[in-house]
Amino acid sequence: MIDEPMFPQTDAFGMAVWEMTQPLSFRFSKNWSEVTGYEPGHYEKFGDFRRSLVDESDNKRTADNLLRFISGRAAKYNDIFMRVIDGERHWFAERAAAVHADENGLVDHVACVVYDISERVRREESLKDENANRRRIARLAGTGTWDCDVRNEAIVFDSDAAALLERDIAGKPVPFSELQTWAHPADSKDGWSKFTDFITSNETRFSYKVRLLTGTGKYIWVTNLGAASVRDESGRCVEIIGGLIDADASVKTQQQLRDALSELEGYSNRLRGEVERTTRDAELQRVTSIATFDSSPYMSILFDERMRFVNCNPAAMKFLGYTDKAKLRAEFAAAAANAIPDAQLETGQKSVALSERLAAAARDGTNSFESELIGSDGERRSTTIYITRIPYETGFGYVLYVVDITSLREAEHDLRERDKLLSAVNAIAENALAASTPTYEKADSSLKTLAESLNVDRAYAWRNRKVGGEVYTDQFASWSRRGNVPSLTINQRFDAVLRGFCKPNADGSIDVVNLTISDIPGDAIDLKATMGMKSLLITPITLDGEFWGLLTFEDFTNERRFSLEEERIIASGGLLLASAIVNDEMVEATIASREEALESNKAKSEFLARMSHEIRTPMNAIIGMSTIARRTDDADRIQSCLDKIDDSSRQLLSIINDVLDMSKIESGKFEITKGEFDFEKMLEHVVNVIQVKVDEKKQNFRLELESQFARKVVSDELRLSQVLINLLNNACKFTPEEGDVTLRVSAETLSPQTSRLHIAVTDSGIGISAEQQTRLFRSFEQADGSITRQFGGTGLGLAICKKIVNLMGGDIRVESELNAGSEFSFDFEIGWGKPTGKSAADGSDGSAPPPGVQTRDWSGKRMLLVEDIDINREIMLALLEDTGINITCAENGLVACERISESETGDKFDIVLMDLQMPVLDGIGAAKRIRAAGTLYTRTVPIIAMTANAFKEDVQRCAEAGMNEHLSKPVEIDSLLAVMSCYLETDIILEANKPTEDNNG
């Protein structure tokens, strides 16, 4: 409901009020719709009210903060939120106050003021943009900048400011407490108070000069400028940006001026003293006063109480062009009128008469001002004039001092010229960042801008390059005021471009060359005559620590030396130009990389064609042998077909494993798992695997074990054996019959706990050319396309091997020649584990021989087989037929849950084999549902996952669903029986599945 204003002043100040009492009841001020832009309704939920008032992006945050206040967890509520009104974003400030709270501290009556602060936010954003632009220009000019976070009481300086202060502080927060110690003792209190007063004031910016201690122990004058970038709701400044300008030279000049003025003031004080002592010693007073007055280096004039000229010193007579003081006294009014121009050139304002200035001094006791004066030579001079009322004779008079500040004004002019250069550099920056502008247009336009801002006649831009150890340089832009732009010169020796103006430094770089015609060495006189230039500026460009190139500017009109500021700003412009060119080149390189990626896709396409061949070959064998076996009754022929089907199936599984490994490598999920293992037993397994192929081709295989392995090795046994089998398979594949294959292993001790393992596989096979070796370890490629047709293979094996060795901390190498065999070698660091327990005499480990294969008898045990594919259920039933186990089948996860539930009241299942990919309800969902039933039986019945999903994340998902084990398809019968025996031949309940105190049943 809309009520009378709860606070009458809210209408006057553009604020609206909402009030809430418990149970939930809202009231709103009369101006609520006018301020917030919407009509209030009746709200039964606090969340509905907040969603109506606050934009979705801010709703949850502001609501949470307000609820913390209402619940007593926060002492106050003061927030800002955003709301869209008629398609336009508005920002509102909101402050809540507790009208009443219950005995538990919960606020049951709250009033909240809401007011629109959109204009303030927009001004702050505009100020931030303006400050960011100013900071960018300052950095281009080499002026140091800083950022201040008042809340953290720290300032962060950029690299230019750090260089000015000669301190290693770039990018590092410097606490206020440390900053105070840098200020000169005479400046510390006053300078710091100006900074701290600004934080709480309403001023938008500040500027003052202060002496700061540099990292080398000296004090320098700097101008400290700052502006408020962010203020809090109370108006207090919380973020400031600013800069430091080197003002050492100008401050010292001003200090000299103040010293001179102080000295002059001393003269004045002594003069007044002489006048006061006139009654005691008139003659002594007169002599001393005249001596002091006449010796002043500044123009000084004395007036009486009626403002009439009384006396002046020689400096005033010289400026006004008089040698006779009596004549000057008679003509002073005219002389003063000639010396004061009608208007000031710099400001255009009318000059104030001397009589008005004297009247002000009579009224206030003193008066000071700046004015242009015209000397007797006709030159205008910028001056500062001080008029002071002093005791004179029986009353008082006035003394006028004039200080020449023309040199200071010239310095200010130089600053304006610097600003002009800065504007040029800013224009270059905008041009350089334009993505649509061609590189050569950026170069020509930027060079023209710099040259015109320097007011020179001709300019060139050069870029360096090295050829055979020599530095050459090429012009990439040129400009001429007369319009006859010279043609670009390329392939010039660097020293020829310098033409004897300077010599390169030891690192090949050069210093700035800033010469006039008279500076050029005498042996270059012919050059001066032919070129006709009067001034020359050569600015080197250093990019990323490298001497990248240079800019040359030639003046044929004026003989001058360019200022240090001009040198620095031109260097900034050159750096911007070079950066833009390099950036354009990087874009072109990116395009080239894209073309290379397209070539890579082509290689992958060729790989898919090979994969099609590799997969279809064993599949053809499987299908063909199956057809033959069905058509014959010959038991031997059938067994032969089954053997070949088994070989082809394993070959197909090997191809799939390679593809899966490469998929994990490409997605970054391939991992190395380290553990302890018997290295010699691992080698024995590898040799047994490869021995079949060696025997088929009647090859000579040698194992050269050059080190003893009395302790277990800590590494990834599976991945290491995968690399060895792959390399040995390749060696056997590409080595002719009766050829040689050698596996050589040695270990180099690094520490008592680590060694470096060296492994090499050598063969006497067909060899690999140098060109083929460059593609050998690339994914999806083979050294030669004909290899696929002759020897087969996917082209993935060596790429996988390289990735595995890299992950283990090593790298794989190849040395080979065509028809001269190959050697693949790698080394990596291993750890040492527990002793293997082998006897030095017989090499055995002292353990009992492995037991023979035993027939499992699981009669009386019950198993639930959950599998949706008929043939898979048939295979499992056949494989487990000899065990005597009673098997119940379920075609999906939902049926499996029903079977488990039904068995709780009868014969329970002893184990569950669960497929993952099934319709209706998959294996993961079924396992979670079974475990969630909460009984002791459903929490502890072993669930074994069977799936073709063999990645690590799949195993993790099974574990999280409550499954006990994970078997990959195709399932090896030995692995299946081993896992089942762990749960069917023991009464131990896994710790993870034991009931807890919170479980029932």
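Which residue stands opposite Phe206 in strand 10? I began with this pairing, working in a predicted model, and found that Gly226 of strand 10 is the residue opposite Phe206.

**Entry 1**

I then followed the pairing of strand 9 with strand 10 (residues 219–231), which is antiparallel and extends over nine bridges.

Is strand 33 (residues 943–947) mostly covered or mostly open, and how many of its residues are buried? I found that strand 33 is mostly covered, with five of its five residues buried. I recalled that in a regular strand the side chains alternate between the two faces of the sheet. In strand 33 I saw Ile943, Ala945 and Thr947 pointing one way, while Ile944 and Met946 point the other way, and all of them are buried.

Next I looked up the strands paired with strand 33. Strand 32 (residues 911–915) is joined to strand 33 by four bridges and runs parallel to it, and within this pairing Leu913 has Ile944 as its bridge partner. Strand 34 (residues 965–968) also pairs with strand 33 in the parallel sense, over four bridges, and here I found Met946 opposite Leu967 of strand 34.

**Entry 1: helix 3 against helix 4**

Finally I turned to helix 3 (residues 46–53) and helix 4 (residues 56–70), whose axes come within 10 Å and cross at roughly 135°. The two helices are therefore oblique to each other, and I recorded the crossing of helix 3 past helix 4 as right-handed. On the side of helix 3 the contact is made by Phe46, Arg50 and Arg51, and on the side of helix 4 by Asn59, Thr62, Ala63, Leu66 and Leu67. Sorting the residues of this contact by class, I noted four nonpolar, two polar and two charged.

Methods
Residues are numbered from 1 along each chain as its sequence is written. This is a predicted model: local features need pLDDT of at least 70, side-chain atom pairs count only at pLDDT 80 or more; totals for chains, interfaces and linings use all residues. Side-chain values use heavy atoms; hydrogens and water are left out. Axes are lines fitted to C-alpha atoms, for helices over the stretch in contact, and angles run from 0 to 180 degrees between N-to-C directions. Angles under 35 degrees count as roughly parallel, over 145 as roughly antiparallel, 65 to 115 as roughly perpendicular and the rest as oblique. A crossing is left-handed if the near helix is turned anticlockwise from the far one by less than a right angle, and right-handed if clockwise. Contact means heavy atoms within 4.5 Å. Ala, Val, Leu, Ile, Met, Phe, Trp, Tyr, Cys and Pro count as nonpolar, Asp, Glu, Lys and Arg as charged, and the others, Gly among them, as polar. Buried means under 20% relative accessible area, exposed over 50%, partly exposed in between (1.4 Å probe, protein chains only). Two strands pair if DSSP finds at least two bridges between them.
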